[in-house]
Amino acid sequence: MTDADAPQLRAEALEALLIEKGLLTSDLVDKVITRYSERVGPMNGAKLVARAWREPEFRKALLEDATSVVTEYGFEGGEVQKLVVVENTPEVHNAVVCTLCSCYPWAVLGLPPRWYKDPAYRSRIVSEPREVLREMGVSLREEMEVRVWDSSAEVRYMVLPMPPEGSENLSLEELQSLVTRDSMIGVETL
Ligand code: FE
């Protein structure tokens, strides 16, 4: 597969399943899933994050109107008809959930991880966010505010994480490679 095939991936997977029901190799399914979850999606989000760290004007545009920014980039994958990017700061930590189901910005983050769809995550990140974040490896200072954003069919969210310490002199590509999917959901700090 080439990069140009990305928009058809989900359709292709469905088509293959329908046509070859029972004959489809798990190898192909694995390749499709890997592509969406580890390469296409989060790489797109990481591009936005790294550029926002470097270019104040771009950061401003991303925080004000992420939908326009992703439309300009033309990312494939969908589910970003209305995208809102929320920024982590030394005072505020953001995390994203869909309490109803699993709404998620596919074009910038790829496939939602299994735990994102787990009823335990969906309820507990709202009722006890600090505890859940601590369990997932995010330790927040007592005085920090935690904001949890509930995604829906109408609005999808992505977190702009804080850059890791000591990353000031890295290239844009190096910065991108540091940005993880989980940091853009808000359940990891870099
Ligand atoms: Fe949902």
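Let me begin with leucine 83: leaving aside its neighbours within four places in sequence, this residue is in contact (heavy atoms within 4.5 Å) with Ala66, Thr67, Val70, Pro105, Val108, Arg156, Tyr157 and Met158. The model is predicted, so local features need pLDDT of at least 70 and side-chain atom pairs count only at pLDDT 80 or more, while totals for chains, interfaces and linings use all residues. Residues are numbered from 1 along each chain as its sequence is written, and side-chain values use heavy atoms, with hydrogens and water left out.

Leu83 is also among the residues with the most contacts inside the largest nonpolar core, which has 43 residues. Such a core is a set of buried Ala, Val, Leu, Ile, Met, Phe, Trp, Tyr and Cys residues joined through side-chain atoms within 4.5 Å; buried means under 20% relative accessible area, exposed over 50%, and partly exposed in between, with a 1.4 Å probe and protein chains only.

I turn to helix H4, residues 66-73, whose buried residues are Ala66, Thr67, Val69 and Val70. They fall within an arc of 160 degrees seen down the axis, so they line one face of the helix; the arc is that of the directions from the helix axis to the C-beta atoms. Helices are DSSP runs (H or I, at least four residues), numbered from the N terminus. The face turned away from the buried side carries the exposed residues Thr71 and Glu72.

Finally, what is the spacing in sequence of the donor residues of the iron ion? It is C-x2-C-x1-C.

Methods
Helices (H or I, at least four residues) and strands (E, at least two) are DSSP runs, numbered from the N terminus. Donors are N, O and S atoms within 2.8 Å of the metal (3.2 Å for Na, K and Ca); water is not among the atoms, so sites may look incomplete.
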